Amino acid sequence: MGEGDDMTEHPAIWFQASACSGCVVSVLNGVAPNIRDLIVDHRVPGHHVSLRFQPTVMAAAGDAALEILAATEEVKEGYVLVVEGAVPTGAGGLFGYAAKRGAQTTMHARALELAENALAIVALGTCSSYGGMHAAEPNPAGCVSIGEALSGAGIEKPVINVPGCPPHPDWFTGTVAHALLFGLPGPDAVDTAGRPKRFYGRLVHDLCQRRGDFEAHKFAEAAGEPGCLYELGCKGPWTHADCPEREFNGGVNWCVKAGSPCQGCVEPFFPDVSCPIYAKIGLLELPRIVRDEESGELVAVRRP
Ligand code: SF4
Ligand code: SF4
């Protein structure tokens, strides 16, 4: 490992439950830092993430891959567990199977088993954090977040939620790098939804480049028009993330800038409450925005 004499190794297992693989694809698209910075180039001084099992990208397959997984489970110092996807609990977990050396088991049972020996868990994506698309009504598979699955089984482990559908790669690499350098985030560093405030501490609405249009009541009436997308169903006023500042694809673009309303994809209410995608949610539910009784216009209530 070259400079690795003083390097602390952190074994990691990436477990995919009921997922579309969008989260891992997003993380692999990270630019600065990128995933290579984290797991190959040792950009976090003194720490190296040894990502031993990641089914989407690892070279090994079949029994060889499962041997690596089994060996990592036995590392006596423990490992970091990244969970991508929701956990299907319906019908005894039969909606989702997972491979295990010498046996076949359910995603639910496997997630609990892996979590038991983990030092900490990163719930990557909205499905893993809150159930997300896989737990959308009517949810016949009984999908739940990894946090719910753990509490349902009485397992207490630190879980950091990194939601998004998909999450911005920086939210994941930044959260992991921060945890390596400074330890797990304390209660003051996460919000009530278990997300690091560093990335999810502000409203999309407060950072949006079209906020001026909202204040000036310049609303787009059709897709592709300039103006605030509130009337087209934008959920930015409810949504906590730094997408307008950080932007996706290496800082190139984000939903509203691309002409699409924010869907609140990082929130526990996604997608059941935020759909239909292009439907406006009632004004009275907007935080810090009210309708002036005399003029009937929308007014933003400033922070004290
Ligand atoms: S409602 Fe949406 S488009 Fe309009 S300012 Fe807020 S975040 Fe931007
Ligand atoms: S702007 Fe909204 S829908 Fe788009 S990625 Fe950010 S939180 Fe998700």
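Start with helix 7 (residues 169-182): this helix lies across strand 1, strand 2, strand 7 and strand 9, and runs at about 150 degrees to strand 9. Everything here comes from a predicted model. The chain is assigned two domains, domain 1 (4-198) and domain 2 (202-304).

- What is the order of the strands in the open sheet? Going across, the 5 strands come as 2-1-3-7-9, with parallel pairing.
- At the edges sit strand 2 (47-53) and strand 9 (159-162), and each of them pairs on one side only.
- From one strand to the next, the twist averages 25 degrees.
- Helix 3 (residues 62-73) packs on this sheet too, where it touches strand 1 (8-16), strand 2 and strand 3. The direction of helix 3 makes about 130 degrees with that of strand 2.
- Inside the sheet, strand 3 (residues 79-84) and strand 7 (residues 118-124) are joined by 6 bridges in the parallel sense.

**A hairpin**

- Strand 5 (residues 97-100) pairs with strand 6 (residues 103-106) in the antiparallel sense, over 4 bridges.
- The two strands make a hairpin with 2 residues between them. Gly102, in the turn, has a positive phi of about 75 degrees.
- Which residue of strand 6 is the bridge partner of Ala99? That's Gln104.
- Glu148 belongs to helix 6 (residues 146-152). Glu148 counts as partly exposed because 16 other C-beta atoms lie within 10 Å, and that falls between the 12 or fewer of an exposed residue and the 20 or more of a buried one.

**How the two domains meet**

- The centres of domain 1 and domain 2, taken over C-alpha atoms, are 30 Å apart.
- How many residues of domain 1 are in contact with domain 2? There are 14, and they meet 11 residues of domain 2.
- On the domain 1 side, the touching residues split into 7 nonpolar, 4 polar and 3 charged.

**Around the ligands**

- Ligand 1 has 14 residues around it, and the ones that come nearest are His205, Cys208, Cys228, Cys234 and Gly236.
- Two helices each put at least two residues into the shell around ligand 1: helix 9 (204-207) and helix 10 (211-215).
- By class, the shell around ligand 1 has 10 nonpolar, 2 polar and 2 charged residues.
- Over at ligand 2, the surrounding residues include four cysteines, Cys243, Cys255, Cys262 and Cys265. Among the others around ligand 2 are Val204, Thr239, Trp254 and Gln263.
- The shell around ligand 2 holds 8 nonpolar and 3 polar residues, with no charged ones.

- Some background first: most peptide bonds are trans, and most residues other than glycine have a negative phi.
- The bond from Ala32 to Pro33 is a cis peptide bond, with omega near 5 degrees. You'll find Pro33 in the loop between helix 1 (22-28) and helix 2 (35-39).
- Glu137 and Pro138 are joined by a cis peptide bond as well, and omega there is about 5 degrees. Pro138 lies in the loop between helix 5 (126-130) and strand 8 (143-144).
- Asn139 is also found in the loop between helix 5 and strand 8. Asn139 is not a glycine, yet its phi is positive, at about 50 degrees.
- Is Asn139 buried, exposed or partly exposed? Asn139 is partly exposed, because 16 other C-beta atoms lie within 10 Å.
- Ala91 isn't a glycine either, but has a positive phi of about 50 degrees. Ala91 is placed in the loop between strand 4 (87-88) and strand 5.
- Why does Ala91 count as exposed? Ala91 has 11 C-beta neighbours inside 10 Å, and 12 or fewer is what makes a residue exposed.

Key:
Residues are numbered from 1 along each chain as its sequence is written. Chains are lettered from A and ligands numbered from 1 in the order in which they are written. This is a predicted model: local features need pLDDT of at least 70, side-chain atom pairs count only at pLDDT 80 or more; totals for chains, interfaces and linings use all residues. Domain bounds come from an automatic or database domain assignment. Two residues are in contact if their C-beta atoms, placed from the backbone, lie within 7 Å. Ala, Val, Leu, Ile, Met, Phe, Trp, Tyr, Cys and Pro count as nonpolar, Asp, Glu, Lys and Arg as charged, and the others, Gly among them, as polar. A residue is near a molecule or strand if its C-beta atom, placed from the backbone, lies within 6 Å of it. Two strands pair if DSSP finds at least two bridges between them. Axes are lines fitted to C-alpha atoms, for helices over the stretch in contact, and angles run from 0 to 180 degrees between N-to-C directions.
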